[in-house]
Amino acid sequence: MDRRTFVTAVAALTAAATTPAAATPAAAARLGPDARAARRLLPDHFGQITFAALPAAAGGADAFRVSGSAGRIRVEGTGPAVRLTGLNRYLRQVAHAGISWAGQQLGSLPRKLPAVPEPLGSTANVPHRFAFNDTNDGYSGAYNGWDYWEREIDVLALHGYNEILVYLGADAVYHRLFQEFGYTDAELRAWIPGPAHQPWWLLQNMSSFGGPVSPQLLDRRVALARKIVGRLRELGMTPVFPGYFGTVPPGFAERNAGAHTVPQGDWVGFARPDWLDPRGEHFRRVAAAYYRIHAELFGHGTMYKMDLLHEGGNPGDVPVAEAVRGVQGALLTARPGAVWVVLGWQSNPRKALLEAADRSKVLIVDGVCDRFPDITDRESDFLGTPYAFGSIWNFGGHTGIGANTPDWARLYHSWLTRNGSALKGIALMPEGADNNPAALALFSELAWTDTAPDLEEWFAAYAVSRYGGEDPKAAEAWDILRRTAYGTTRADSWSEPADSLFAARPSLSATSAASWSPDRIRYDATVFADALGSLLAVAPALRGSSAYANDLLDVARQCLSNKSRALLPRIKAAYEARDRDRFDALARVWLERMDLLERLLATDRRHLLGRWAADARAWGADAAEREQLEYDALSLLTVWGPRSGADDGGLRDYANREWAGLVGGLYRLRWKMYFDELSAALAADREPKVVDWFALEDGWLRDHGPLATEPAGSTYALARRIRDTLATGATRPVPDPGTSNPGVRPGL
């Protein structure tokens, strides 16, 4: 054998020895769903992991167990998704690695996976681990494709969730349904809103806006929904579908003689769809057809989400108790034994609903238990109905960092273990997902631990797995975040951080961008700012992951955002003092900080408005539909709806977020126009002109110019510049009254 042949043979043998057995198509086909997920998530290491079944724990509870020597890790669990939860525990606690929906860190993994010193095991303390808010399909991205959803499902399985809300595809169900009750294809496609707004249509709040939907769009959404549902079932997870509770298109009673419908009035500037009386034969026929068609498209479900009379719905002359019996009766006739999932929110669910329902077949996913301090006895509030402890740590998908983690640590296990507890689950319900990865990790673990977490210890360990090793500066940063953004509580009746004033419709008195957001920072912003310096000082060897980049960007962004709340009152004071020079100088600082923020955000693809717009356009079949879908997606983040909803309803900027393209686009345009007008008013000694903000915003949505779809620049360099800028307070010198040296001003 010559040398060349010998080297080739050795290389082939080496490759065969080091390539996972499942690398060949035939072997890959034999992998179970958990192993296929591991291959997606850990392509260089999945061949070192063996998955095996584990009998259910006492009472049928889910459980996992992880053991093994170096390079031979064994993960046992009661189902595929549960085994992935065990894998995640191993990655974080043993391998010091982490996978999340906002950044991951796998660089710490050696070629051979480390041994498990002592077997890891856990049993779920609740059967229901529910994920997603009703609004998720809007605020997390109505136009996400399979690549997104495949990853999202894997991440949810890693974090222990087993019940996933799936609204996608319901539009096709309604489209087919009401063609059986006198409506045309065109009428129904005009009634169904654009995908970004469909969650609120399914909640019976509105219709039509962003439509009409095209036949090809309906078909593509069904195809994607089927893939999502199929993957969930493959992993042993339960899709939670929207059920039927009476929403009908306009004119239903005129087309169906004898039907009784109840007008539902308005919802923050939108006309609500009518409600079909659940007591009658017409409701039973429509509901039966709904569940039949839904099963034809997605198979039979076991859990259905319905919120009767949501956010101000009007029962009219229909007794609520009788309506409840009609809705649940139709569900159980079509799906015997099915669970009715209800949102705990505002006055929902009504006592009359719970009194009339078969509560053994109801699950309340409570969105406010970490928000209001007077919530102490859900067994009494919910009449003993099983419920899930939930958190809504952001509204509208805001980009603020933080969550009420002390409330999670203090309340969850104490409520779970008290006598007569009806707590049977957790409910992950931020209105927009894919943010606050520390909150995702901590909240998810509640369902898999026997005792409340020690938050100081938990965040210290999180810093290690998040970046891949022990580092004093990483530990310092996360301890600061624990004590500030993640140290807020429900004592002030909020569960989310304050949003950004950069995102607000301009006003010198602005205290929030969204109408229903905190009017102040809920922690010590000065202490929080120290986390940025600590993160920048993390050892270079630990800075290479997307997890580190995500956190550095997020903290730097939050520091700039927080400082806007100190700067705006100074701008206001200068205006009220009619000091035009000082007003102009401070307004320049404001705009320059927006420019700096825009550059920071542009370094990360997840923070690009252009990505959001491009995702929407990709679903269009022609130029006109691409324009329509982009408007649907962008309007949700800005005006939300027509003028009646944006202005009179207060919905404008409800879903504001600090993204490149928004900060440097619409937000900067508004503030510059505002400051220019105020400066001109000072110069002319007159009142400022009134600006039609909706007209400006809607015009920008329709003609915004190019939006970047690929990141540019260095997150680290820009974060460091933000740290230095805020430390010196000098984007450019601005004199302060009483300052001896007008070229130096104190930090903002």
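## A barrel and its helix

Angles here run from 0 to 180 degrees between N-to-C directions, with axes fitted to C-alpha atoms, for helices over the stretch in contact. Helices (H or I, at least four residues) and strands (E, at least two) are DSSP runs, numbered from the N terminus.

This is a predicted model, in which local features need pLDDT of at least 70 and side-chain atom pairs count only at pLDDT 80 or more, while totals for chains, interfaces and linings use all residues. Residues are numbered from 1 along each chain as its sequence is written, and side-chain values use heavy atoms, leaving out hydrogens and water.

Now look at the barrel: eight strands close it in the order β7-β8-β9-β15-β16-β17-β18-β19, with parallel pairing. On average, neighbouring strands of this sheet are turned by 30° against each other, direction ignored. Two strands pair if DSSP finds at least two bridges between them. Strands β16 (residues 339-344) and β17 (residues 362-366) pair in the parallel sense over five bridges, and V342 has I364 in β17 as its bridge partner.

Here is the chain as a whole:

| Property of the chain | Value |
|---|---|
| Helices | 28 helices |
| Strands | 19 strands |
| Span of the C-alpha trace along its principal axes | about 85 × 75 × 60 Å |
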